[in-house]
Structure formats: C-alpha cells, structure tokens
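Let's work through some exercises on a protein model together. Keep the viewer open, try each task yourself, and then follow the solution step by step.

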Amino acid sequence: NTGGGCGGLGLERVLVGTFLALYIIVYGQMQAAVPWLVLKPLRQSPPNKFVEIVWGFVNSLPTAVLFITVLFSAPFVNSYFEEKLSTMIAGIAVFALIFAVNSSIHSYLVVRYADGNKVAQSVGFYYMSNAIGRLLGTLVSGALYSSLGWDDYHNAAIGNNVNVGIAWCFFAGTISSLLAMFITFIIRDNDAGLMCGPMTCVASTVEEG
C-alpha cells in the first residue's frame with residue numbers, strides 16, 4: 001500500500017469476492033459434514049455443553065496464532081507479499097473449518113435446550129442474535145482496523161500500519177471466542193460428560209442401559 005495506512009494487501013476486488021465466495025461454500029459444506037466427519041469419530045455426538053466448550057476454545061486458536069503471526073513474523077514485518085497472502089489464506093481457511101464445527105454444534109444445541117413449546121421462538125432468536133453479532137463484528141472490526149491501523153508508534157517494530165490494524169481484528173475475534181466459551185459454562189447440562197475419541201475427559205453421570 002503506497003503511502004502507508006490501512007490499504008490491505010492490494011488485491012483486486014474480483015479476487016477478494018472470489019475468496020469470500022469460496023469461504024462461504026467451504027464453510028457451508030463443512031458445517032453439513034460435521035456430525036459424521038468430526039463429532040461421531042470423536043464420540044461427541046450428540047453434542048452437549050462440554051463439547052461446545054472444547055470447540056469454543058479451539059475456535060480461538062487460529063485467530064490467536066494469526067494475531068501473533070501478523071504482528072511479529074518476518075513475512076509481515078518485512079512485507080513479503082506472497083508469504084503474507086499465503087499465511088492469511090491458510091489461517092482463515094483453518095478458522096473457517098473450525099468455526100463451521102462450532103456453528104453446527106450451536107444449531108443443534110439451540111434446539112436441544114429450547115422449551116418444548118418454544119422451539120421456533122428459540123431458533124428465531126438464535127438467528128436474530130447471529131445476524132446482530134455479524135453486524136456488530138463488522139462494525140467493530142472496521143473500527144479497529146481503521147483506528148489502530150494508523151497507530152504510528154508500532155511502525156518501527158511491525159513495518160507498516162496494515163499489520164497492526166488486521167492483527168487487532170484477530171485479537172478481538174480471539175477474545176470473542178473465549179468469552180462465548182466461558183459463557184457456555186453457565187448452561188446447566190453436566191450429566192452427559194465429554195469424550196475425546198477413546199479418552200474420557202469428563203465422566204458421565206448418566207447410567208447406560
């Protein structure tokens with residue numbers, strides 16, 4: 001980005017749009033495959049509170065790694081375009097796959113925890129909250145990218161303002177994932193336990209029979 005500031009990677013709009021379209025397609029296909037591709041092999045189907053806590057934490061890892069990478073790794077500090085682009089694509093792709101797992105779990109749990117005569121209301125509230133969350137995420141990330149991206153005191157260590165802006169967006173995403181994970185602890189659903197493949201992470205208090 002000539003002249004500094006938050007100009008992004010300088011990709012053509014068509015290329016950015018294509019990437020977003022592929023992101024949505026891969027995300028959707030992964031979300032549909034989660035029950036048999038991920039949860040059943042891990043013996044986490046049907047999912048419960050503990051399953052979401054685990055995957056909520058896992059969901060925070062790609063953005064945390066990207067936050068550190070964008071701020072301190074050589075390709076970003078020295079502005080190596082190809083390495084920066086490949087790192088961003090790989091990191092966001094991994095996040096999309098993990099986020100799809102979380103989304104699939106959420107879609108099941110919102111029905112499981114709904115009152116018997118209020119399922120439609122609970123599902124409607126879930127998707128309304130989902131839409132509001134995406135709107136707020138867009139506004140907050142835009143504000144972070146624009147404001148912190150102009151913070152010149154980072155320049156000596158980071159190399160340019162663009163890195164700072166996008167890095168703090170990843171940091172905000174990490175905090176949001178962790179916050180959602182901690183809120184999940186409030187749910188009263190401690191009986192089913194948690195399996196991670198053959199390993200018992202949280203013992204079930206429900207007798208089989």
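## Exercise 1: Aromatic pairs

The structure holds 8 aromatic pairs. This is a predicted model, in which local features need pLDDT of at least 70 and side-chain atom pairs count only at pLDDT 80 or more, while totals for chains, interfaces and linings use all residues. Residues are numbered from 1 along each chain as its sequence is written, and side-chain values use heavy atoms, with hydrogens and water left out.

**Task.** Describe how tyrosine 23 and tyrosine 27 are arranged as an aromatic pair.

**Solution.** 
- Step 1: Recall the rule. Rings of Phe, Tyr and Trp (its six-membered ring) pair if their centres lie within 6.5 Å; planes under 30 degrees apart count as stacked, over 60 as edge-to-face and the rest as tilted.
- Step 2: Apply the rule. The centres of tyrosine 23 and tyrosine 27 are 6.3 Å apart with 5° between the planes, and the pair is stacked.
- Step 3: Helices here are DSSP runs of H or I with at least four residues, strands are runs of E with at least two, and both are numbered from the N terminus.
- Step 4: Check the exposure. Buried means under 20% relative accessible area, exposed over 50%, and partly exposed in between (1.4 Å probe, protein chains only). Tyrosine 23 is partly exposed at 23%, whereas tyrosine 27 is buried at 12%.
- Step 5: Phenylalanine 182 is exposed at 51%, and phenylalanine 185 is partly exposed at 43%.
- Step 6: Widen the view. Tyr23, Tyr27, Phe95 and Phe99 form one aromatic cluster.

## Exercise 2: A salt bridge

**Task.** Which residue forms a salt bridge with aspartate 189?

**Solution.** 
- Step 1: Start from the rule. A salt bridge is a side-chain nitrogen of Lys or Arg within 4 Å of a carboxyl oxygen of Asp or Glu.
- Step 2: Find the partner. It is arginine 112, and the closest N and O atoms of the two residues are 3.4 Å apart.
- Step 3: Aspartate 189 is in the loop between α7 (161-184) and β1, and arginine 112 is in helix α4, so the pair ties together parts that are 77 residues apart in sequence.
- Step 4: Compare their surroundings. Aspartate 189 counts as buried at 10%, while arginine 112 is partly exposed at 33%.
- Step 5: Count. A search of the whole structure finds 1 salt bridge.

## Exercise 3: The strands

**Task.** In which sense do strand β1 and strand β2 pair?

**Solution.** 
- Step 1: List the elements. The protein has 7 helices and 2 strands, and from the N terminus on they run α-α-α-α-α-α-α-β-β.
- Step 2: Check the pairing. Two strands pair if DSSP finds at least two bridges between them. Strand β1 (residues 194-196) and strand β2 (residues 199-202) pair in the antiparallel sense over 3 bridges.
- Step 3: Pick out one bridge. Leucine 194 has valine 202 in β2 as its bridge partner.
- Step 4: Follow the turn. β1 and β2 form a hairpin with 2 residues between them, and glycine 197 in the turn has a positive phi of about 70°.
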